[in-house]
Amino acid sequence: MPKRFTRAVFLSMMGGCAVAAVSGKFLLDALNARVKFPIRMLGPSMNRGHMIRDGKMPKAATDAERTKTRVTIIGGGMAGLSAGWWLKRNGFADFKILELENEVGGNSSFGKNGISAYPWGAHYVPLANPESEYVRMFFQELGVIQGVDANGLAIYNDLYMCHDPEERLLKDGSFQEGLVPRRGLQPSDKQEMRRFFEVMKRYRELVGRDGKPGFAIPLDLSSQDEELIALDRISMAEWMKQNKFLGKPIRWYVDYCCRDDYGSLPEHVSAWAGIHYFAGRKGVAANAEMNSVVTWPAGNGFLADKLREMLNGKIETGSAVFNVSSTETGATVSLFDVKENAAKIIECDYVIFAAPRFLARHLVSPTRRDETVSSPGISAHAERSQNEPLQEQFESAQYAPWMVANISLKRVPEGKGVGLAWDNVSFSSRSLGYVVATHQNITTQRDAPTVITYYYPMAQDEPSESRRILLERTAEDWSQLILADLEKMHNGITAEITAMDLWPWGHGMIRPSVGYIWGETRKVMKNSMGNVYFAHSDMSGISNFEEAQYQGIEAAKQVLARVMS
Amino acid sequence: MTYSLLITAFVISTCGLVYELIAGTVASYLLGDSVTQFSTVIGVYLFSMGIGSFLSRYVDKDIILKFIQVEMLVGLVGGCSAALLFMSFEHVENFRILLYALVTAIGVLVGLEIPLLMRILQDKLEFKELVSQVFTFDYVGALLASLLFPLLLVPYLGLIRSSFLFGIFNALVAVWTVHLFRNDVKGTFGLRSAAITVAIALSAGFVFSDQLMTWAESSTYQEPIIFSKSTPYQRIVITCKGKEVRLFLNGNLQFNSRDEYRYHEALVHPAMSSLKNPENILVLGGGDGMAVRELLKYPSVKTIQLVDLDPEMTKLFRAKGLLSQLNNDALSDPRVTVINQDAFVWLRKSKDKFDCAIIDFPDPSNFSLGKLYSDTFYKTVKRALKPGGVCVIQSTSPYFAKNSYWCVVNTLESVGFHTTPYHAYVPSFGDWGYVVASIDKFEHPAAYPANLRYVTDESFRQMLNFPPDMVATEKCVNKLNNQKLVHLFESEWGEYVETF
Ligand SMILES: Cc1cc2nc3c(=O)[nH]c(=O)nc-3n(C[C@H](O)[C@H](O)[C@H](O)COP(=O)(O)OP(=O)(O)OC[C@H]3O[C@@H](n4cnc5c(N)ncnc54)[C@H](O)[C@@H]3O)c2cc1C
């Protein structure tokens, strides 16, 4: 038999088998990856929001229901609920909270199915700092903090503190403990990591010349030392460059943290905000290590739900406020009651505006004011026209869009390396990975079904462009993207999924852009307009529970002072 | 004849590809990381086929005979491959060596097939025709295999049956080839019977594959299995040889009827006998009822609540028979209430108070079990005890895992219990540790129930003594938010498993 022939046989057979094997494997995967579960696109009610923005809410009829209440709180997110909590706690009961959605909670809302409750947004709170007085007060009331030990340290409820293992990172094919990259580091990388954490430790312990902590929670209590404030005028990325943090591992870590806390890249947030993430948290507990967090299956939905219970009878859900006008003697609020399909009017002395701040431009506007509602006298007009340029600027304040998915699984996804943690992150993904809703359960069932909450901040593009993409993609598109990402973390996970719910957040989080936190815009945005006070985490420039609560309570305090006088 | 042989090419290429896919899939099931497993299996397989093709040049005579023999061998090796891999996984030291040896063997044999077949066809077709025809059939067969495998074989037959099935096809090709060349080869009868035997053997494997797998499992256990069941919570296996009954949960020995009295007497009596008239007792874990049997030796006992997650376990040990004989029908006693719930969840909700709690959980080998050894859990237990109440905790071996053992002791102390650590020798387990945790200072039992075989005043005093090699080198408290015990336990037992 001629030689050429043998080789030809060999080569073609090899080729044939390879092609067949690869296509066989491909088919096998395709079979497994066939989506066999329901996918639902949920999310905040876009059309209610858009109707308000575009002034398309039906006008109140002349005989519209008119009610009186002394204080109206607009928005039942953490800020609005906390404002109500404060008023009630101080013995003031004549108020109402109006919430657009059918449930309160806003960015801290939650869902529930047969397996578990799960968060739609906020999912944890770090241990409270010494200066975070309101947080501690609230936690004590809820039993999250159960007492203080002999050294004055708070004793937290063990069941609420995040159980070990807390975090794991998928890097180079297997999971490691913790999120700080550890495997495959050059000595120089390690050195850089160490230096970074030393610098952060110094910032954490730093006290400004005014005697205030360098980085406080809430951030308004931070030192105004010029040296520190200057950090707000450069980006985190710039600061990293200036301080020679150039290696890939440390840059990844900082990038991850900025996306995690602000939904933005280090290029887009100020160095002050970037450092605050590391230097702000100094909470300690009698029964936990530093850097611990409290969490619940419903995430911060647990807190929202407790507030809802406490404020029973004070909350009106399905109430879309579409106009607010400050008058000489008080304020008039027009709302559309979704359940009754009718516009209503509330006359009050004061308004706490705890809806996202950018909405004020559409809502607190005399030109859009319902004529039947308008009362004579000074409206918010004067203040607004004076604030107009800043208002414009605020409009350009950027909000990071997020996609959140809650995914039900037949059993927990383990993977190579260390076992399942609460927070599970992949080094190579643009998403933030997922948290496990059943992590805090005290059951011993093996292979039990679970729900994971997958977080994807759209940090790469311009926010407006990202928002367009976020809303344009169908449920099918999103599920494919998410599955592709999760499959890289856990091969074959698709076959374990029993349901996927999606929740797009168009304006997920305010972005602490360069100059925003300590610049003019925020200062002016915080000013009240006549009898309208502003309270929302937007007023802080960074979005988290502590800030939302602080803004809510501060506004409530101002209103209380005037009510009492 | 030519056409028949071309169909042969089609069949054997289908079989060849199926074996390769099976090896790749089994490897990714057992070893994980499917990309790596698939690429290395495919690589090794193709390379071995190259070796086979190369070796075919050394076959000079009796090509038809050799072809038939190769077919039988491929059928046998390939057909048994999946079963072999699954069954040996638990047993062989280095599974990868076996895997790649098997893949190589099949690859070499399959590599021989087509060249030999072509040489058989050499005189019957023109060269150009030969190549074109054989490869057409070869590739079509490959395509068929790659479609069949994921769509029909894996979902409907499973890997083990699929591999037997294709082995049978190879054997049938051998039978058929014998038939086609009955005039050209010598010893047709012998060849045909051999091929038919292979086919029958493989068919038997196909039919009895379930039994085969059960048998494979039982060979992990040294004794005959009399019961096995996978519940949503665990895999229960019970073996019996002579008078010895053993219970395994997830492959871990829970008791051996020969010496379990030592374990359970030591678990129950020091705590129970230290109390005046214990009435209300709680048992957490211990669904086998052995601890309850010991508890029923106290006439003062009025109620025993047994909380065990798995209803199958308690059902099994309550039903009259060999197993209920072991616990003296303890679970059918009117004083006993069985509660099939998660211990921690149930205890947090329960308002009952107990004189004594017997805590007999599996070792803290994972994070969810670790929660049952946390300070938070022990606080909950403490709340459920009456004034002066006691509890006792099985707490792994102070010899193999001394720091883990003392971590349990420390954790109990951290929530305000008085602790009395002790350990007993149970031949099936080795040196085993317990801790009595009491609200008041522990009082040594004045007397024990009559007829105990192991625990006496004297033997208990010996159990309290810890030699230097059981003294902790590390002190820690196990909390939900640090899971220190699981980390310790992993490293201590991991070390032990490695050195043996
Ligand atoms: C994906 C994601 C993850 C997060 N994770 C965390 C976390 O882990 N920890 C953390 O602390 N923070 C987290 N946050 C930040 C979160 O935004 C804050 O914790 C907090 O929930 C903000 O509360 P808020 O009240 O300031 O704002 P919002 O939650 O925005 O509340 C505003 C409320 O006003 C309502 N509203 C709007 N318009 C109207 C109208 N016209 N009429 C009536 N009501 C109206 C809205 O429906 C909403 O309920 C996360 C945010 C997102 C988006």
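A salt bridge here is a side-chain nitrogen of Lys or Arg within 4 Å of a carboxyl oxygen of Asp or Glu. Keep that cut-off in mind for the tour. The model on screen is predicted. A search of the whole structure finds 36 salt bridges over all chains.

**Stop 1: A:R209 and its partners**

Select A:R209 and A:D225. The two form a salt bridge, with the closest N and O atoms 2.6 Å apart. This pair links distant parts of the chain. Both A:R209 and A:D225 sit in the loop between α5 (187-205) and α6 (226-229) of chain A, 16 residues apart.

Is A:D225 buried or exposed? A:D225 has a relative accessible area of 12%, so it is buried. A:R209 has a relative accessible area of 69%, so it is exposed.

A:E227 lies in helix α6 of chain A, while A:R209 lies in the loop between α5 and α6. The two are 18 residues apart, and this pair too links distant parts of the chain. Both A:E227 and A:R209 are exposed.

**Stop 2: a network in chain A**

Select A:E65, A:D337, A:E340 and A:K344. A network of salt bridges links these residues.

**Stop 3: the ligand**

Centre the view on the ligand. How many residues surround the ligand? There are 39, and the closest are A:E99, A:N107, A:S108, A:S537 and A:F545.

Show side chains and pick out the contacts. Start with A:S108: one of its polar side-chain atoms lies 2.7 Å from an oxygen atom of the ligand. Then show the backbone of A:V321. A polar backbone atom of A:V321 is 3.0 Å from a nitrogen atom of the ligand.

How much of the ligand does the protein cover? On its own, the ligand has 990 Å² of accessible area, and the protein covers 95% of that.

Switch to a cartoon view. Which elements of chain A give two or more residues to the shell around the ligand? The helices are α3 (78-89) and α16 (545-564). The strands are β14 (319-326), β18 (399-409) and β22 (497-510).

**Stop 4: the domains of chain B**

Move to chain B and colour by domain. The domain assignment gives domain 1 (2-217), domain 2 (223-254) and domain 3 (259-498).

**Stop 5: a nonpolar patch**

Select B:L143, B:L147, B:L151, B:L152 and B:Y156. They form a nonpolar patch on the surface. Together they have about 510 Å² of accessible area. Zoom in on B:Y156, in helix α5 (residues 127-180) of chain B. Why does B:Y156 count as exposed? Because its relative accessibility is 66%, and the cut-off for exposed is over 50%.

**Stop 6: one more salt bridge**

Finish with B:D329 and B:K320. Their salt bridge has its closest N and O atoms 3.7 Å apart. B:K320 is exposed, with a relative accessible area of 64%. B:D329 is partly exposed, with a relative accessible area of 29%.

Notes
Residues numbered from 1 in each chain as written. Chains lettered and ligands numbered in written order. Predicted model: local features only at pLDDT ≥ 70, side-chain atom pairs only at ≥ 80, totals over all residues. Heavy atoms only, no water. Patch = residues over 30% accessible without salt bridge, like charges linked within 9 Å, V, L, I, M, F, W, Y side chains within 5 Å. Areas by Shrake-Rupley, 256 points an atom, 1.4 Å probe, with all protein chains shown as cover. Helix = DSSP H or I, 4+ residues; strand = E, 2+ residues; numbered from the N terminus. Buried < 20%, exposed > 50% of the residue type's maximum accessible area, 1.4 Å probe, protein only. Domains from an automatic or database assignment. Near = heavy atom within 4 Å. Polar contact = N/O pair within 3.5 Å; in protein donor to acceptor, adjacent residues only side chain to side chain.
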